[in-house]
Amino acid sequence: MTRREIRNTILAVIAFAILPWLPFLKDSGYLMSLAIPIAMYTVLATSWALFSGPTHYISLATAAFYGVGAYVVAGGIGVVPYAVLVLLAGVAGAILAALVGLATLRLSGVYFVIFTLGLAEMVRQLVTWVQNNFTGSRGLYVLTDITERIIYWELLVLAALVYLIGWIVNRSRLGFAMRIIGNDELVAAHVGIHSARAKVILFVISGIFAAVVGAVMAPRFTYIEPSLAFSPELSFQVVIMALLGGVHRLWGPLVGVIPFTLLWEVIAASFPTQTVLLLGVAFLLIVYFIPQGVVGLIESLMRRAGIGRGSGDG
Amino acid sequence: MAEKKVLLDVQSLGKQFGGLRAVDGVSFMVREHEVMGLIGPNGSGKTTMMNMISGALKPTDGDIYLEDRLISQRSAREIATAGVARTFQLVRLLPSLSVVENVMAGAVFGHKRLWGRELEKYAVRQLERVGLAQAIHRPVSTLTYIDEKRVELARALASDPVILLLDEWLAGLNVTEMQTGIALVRSLRDDGRTIIVVEHVMDAIRSLCDRCVVMSSGAKIAEGTPEEALSNSEVVRAYLGDANA
């Protein structure tokens, strides 16, 4: 391990040792209402960046996976144990991601973006249609005895998992293949890399995480309807947070998630009707001014000042 | 002398781009430890030929056999894995990877499959082989043009290819670099590598190639030792026009 990796591992261990105790603080209710979205977006943005960082394919399908996960729970709660439903959500996310990946990852970037945006909308319309025609209701109740703090702990476990898997992938042949594909897909083919397979595997990993997050969050809403579960806003927020932090490091998205989630609390409270507009403006500003994300910006400033030592993974 | 083993057998290969017949019924063989030159004027179909052998393009008709295996309709990835490595006319390095990582890329997924410490040591040896041991951890953006070419060559060598395709590897080098470059490719030949070179530089062709195939307007017009091929009257006509024939 390099010195950077040892430092990051120590920081991660400390963070994951402290964070589970937060719900035991006095008056932790408000803290939880901030910590849950932060943990949720950390998992979503980090798993999104696992795929989109190296490939530069901007996926707007997060809401599709998230919604499918939430609906698996909503549809099966009371019939099947909750833990099984969370696993099933992961399986559903994997299947959807594999199908979408096989169908679209041969497309060039722009078509892929549009397809993933359309996918979330299509699944939403499909679920709405099924509900209108067969169940006679617009949404589903998710009534459980799962509390906020349990949801928070579940999200922490997912966050630890996403970092662990990301770390393993980055050190594996698959991660090396993804870096080569991101640099030059033609060279990748000529050194024997199966690009389509590598991309589908990572897309499936990120799809599983988004679906499981949807399943974990479902009990928090108690009532689930398509416009909530498949909200395109969620997909855009994940992209913005990941890009804001930076997708070239595993912990990059986290740097975007924390300030953005806090800022969003303020914006949603002060300008409840203009949130989507502000989201668009934020997107433009980030892509235009800090295309490498905050982490990339800091690193290039450090390099210019002669402090950093080249690049590596971690 | 016993006949050497045929490694690559190209049989009446053709490529059609819409109305243009870029390569038309070209056949030749490449034997073990041989350096074969693919030469001809601009637009004669040499690079299309290289692209078909490496799988970047699929031939419209004809067959290619690598060590008796039919590879002509296979993908670039499968052909690379079968043992064909190439460099590109315009150097294609991986800009966000270091020099040694660029070379490692050649020895993980295809014909050679290494990983871990062994892989890095092996990649360093390839860099030493092409005379670039001092630049191992540099970013590729800091390299000179000939060193970029060396990295690409090292990456191709790293796969331990059955056949190495060098597409105008010497192009763009200055006079001194050219001599270094020719010596380097010749040293690969002395190692027993089997190589197909596309070249314009006559000095390089004469000093490197055991045999040449000359192409013009997509067809093979001559084949033989460099002396035979270059003195062929049709070849002279293709290069210089009728007045000089």
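You're looking at a predicted model, where local features need pLDDT of at least 70 and side-chain atom pairs count only at pLDDT 80 or more, while totals for chains, interfaces and linings use all residues. Residues are numbered from 1 along each chain as its sequence is written, with chains lettered from A and ligands numbered from 1 in the order in which they are written.

**Domains.** In chain B, colour 1–82 + 193–245 as domain 1 and 84–161 as domain 2; such bounds come from an automatic or database domain assignment. Their centres, taken over C-alpha atoms, sit 26 Å apart. Where they touch, domain 1 of chain B gives 9 residues and domain 2 of chain B gives 7 (contact: C-beta atoms, placed from the backbone, within 7 Å).

**Chain contact.** Now show both chains: 19 residues of chain B meet 15 residues of chain A. On the chain B side, select helix α2 (residues 76–82), which brings the largest share, 4 residues (helices are DSSP runs of H or I, at least four residues, numbered from the N terminus).

**Helix pair.** Finally, pick α4 (residues 117–129) and α5 (residues 145–158) of chain B: their axes come within 9 Å and cross at roughly 130 degrees (axes are lines fitted to C-alpha atoms over the stretch in contact, with angles from 0 to 180 degrees between N-to-C directions). That angle makes α4(B) oblique to α5(B), oblique being what is left after under 35 degrees (roughly parallel), over 145 (roughly antiparallel) and 65 to 115 (roughly perpendicular). Show side chains for A123(B), Q126(B), L127(B) and R129(B) on α4(B), and A154(B), L157(B) and A158(B) on α5(B), which make the contact.

Conventions
Helices (H or I, at least four residues) and strands (E, at least two) are DSSP runs, numbered from the N terminus. Two residues are in contact if their C-beta atoms, placed from the backbone, lie within 7 Å.
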